[in-house]
Amino acid sequence: MGSEGCLLVMVIDIHPQLAEADQHAHTYLDACISFANIHLASNVRNTLAVIAANHQETRFLYPSTTEEQDKRQKDGRLELLGLVDDSIERELRSMVVDKHHGEQTESLISGAIGRGLLYIKRQETEDILSKRVHARILVVKISSDTGGQYLNYINNYLSAQKIGTAIDVCLVGSDCGLLQQGADITGGCYHCIHEITELLQTLIMMYQADVATRKKLNTPAPEAVDYRAACFCHRSLVDMGNVCSNCLSVYCKAVPLCTTCNVIFQTDRPLMKIGKKKK
Ligand SMILES: [Zn+2]
Ligand SMILES: [Zn+2]
């Protein structure tokens with residue numbers, strides 16, 4: 001698999017919370033860009049896509065959808081690496097500057113993962129020999145999550161599982177049960193670190209090897225996965241809930257009507273006793 005090269009789709013969280021990390025915002029972005037460079041430099045057939053997500057939009061940082069600049073070599077590095085750096089920097093700058101001062105909610109990570117999956121699928125269909133593209137997605141996330149995009153995440157995970165794409169997750173700060181589920185469902189690797197300064201080292205040590213090679217490495221054992229579902233009414237993770245018998249939507253309390261499929265529940269009907277057989 002190694003010689004065929006791998007398409008790495010990086011999903012980078014650039015939520016405004018990043019600004020609270022003081023100078024470490026630079027360390028965070030540098031680590032992401034350095035990792036992208038390492039991926040491209042380690043195999044000539046490796047390819048890359050970088051998608052950023054904040055609370056308002058998702059954007060392709062590389063390959064850029066806007067104008068292309070000249071590919072001349074400037075500092076003796078590979079032209080491609082210079083091109084990647086320039087493209088990421090330009091797009092990031094315009095993304096951060098284009099502020100609409102909206103409400104600060106959570107980052108649109110699930111949307112970015114969805115775009116990544118579509119990108120992978122398009123690479124496969126555009127290939128003349130229609131070969132299977134060896135691809136994986138790496139999510140680097142720093143902001144906290146509320147479970148508001150529960151369904152979008154689950155749909156992404158099931159699509160990724162279907163096309164055999166692993167979703168790796170590297171979190172900075174707090175754990176995220178939803179992303180942990182995604183890594184587990186798709187066969188990716190999940191790891192949470194507490195300091196931004198550890199990010200580059202962690203990315204290189206744990207996420208540089210492709211999924212097949214990783215099995216031969218002595219990586220930390222996966223933790224127990226939090227498989228709680230988010231209720232459809234408040235988007236909060238629940239231990240126990242009510243499930244619609246028609247469409248399997250989850251509710252944290254009894255509701256008279258399923259908001260997903262509009263089925264009416266007859267809650268006033270006396271509960272039937274189970275186990276009593278009529279003769
Ligand atoms: Zn609820
Ligand atoms: Zn329903």
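The legends below describe close-up views of the two zinc sites, ligand 1 and ligand 2, in a predicted model.

View 1. The arrangement is tetrahedral because the four donor atoms subtend angles of 98 to 130°, and four donors count as tetrahedral if all angles lie between 85 and 135 degrees. Along the sequence, the spacing of the donor residues is C-x1-C-H-x17-C.

View 2. Cys-233, at 35% relative accessibility, counts as partly exposed.

View 3. The donors are Cys-244 (SG), Cys-247 (SG), Cys-258 (SG) and Cys-261 (SG), at 2.2 to 2.3 Å. Angles among the four donor atoms run from 105 to 113°, and the site is tetrahedral. For four tetrahedral donors, the ideal angle at a metal is 109.5 degrees. The sequence spacing of the donor residues of the zinc ion (ligand 2) is C-x2-C-x10-C-x2-C. The pair Cys-244 and Cys-261 links distant parts of the chain, 17 residues apart. Cys-244 lies in the loop between β9 (242–243) and β10 (250–251), while Cys-261 belongs to the segment after β10.

**View 4. Accessibility of two donors of the zinc ion (ligand 2), Cys-244 and Cys-261.** With a relative accessible area of 0%, Cys-244 is buried. Cys-261 counts as partly exposed, at 25% relative accessibility.

Definitions and conventions. Residues numbered from 1 in each chain as written. Chains lettered and ligands numbered in written order. Predicted model: local features only at pLDDT ≥ 70, side-chain atom pairs only at ≥ 80, totals over all residues. Heavy atoms only, no water. Donors = N, O, S within 2.8 Å, 3.2 Å for Na, K, Ca; no water. Tetrahedral: all angles 85-135°; square planar, octahedral: opposite > 155°, others 65-115°. Helix = DSSP H or I, 4+ residues; strand = E, 2+ residues; numbered from the N terminus. Buried < 20%, exposed > 50% of the residue type's maximum accessible area, 1.4 Å probe, protein only.
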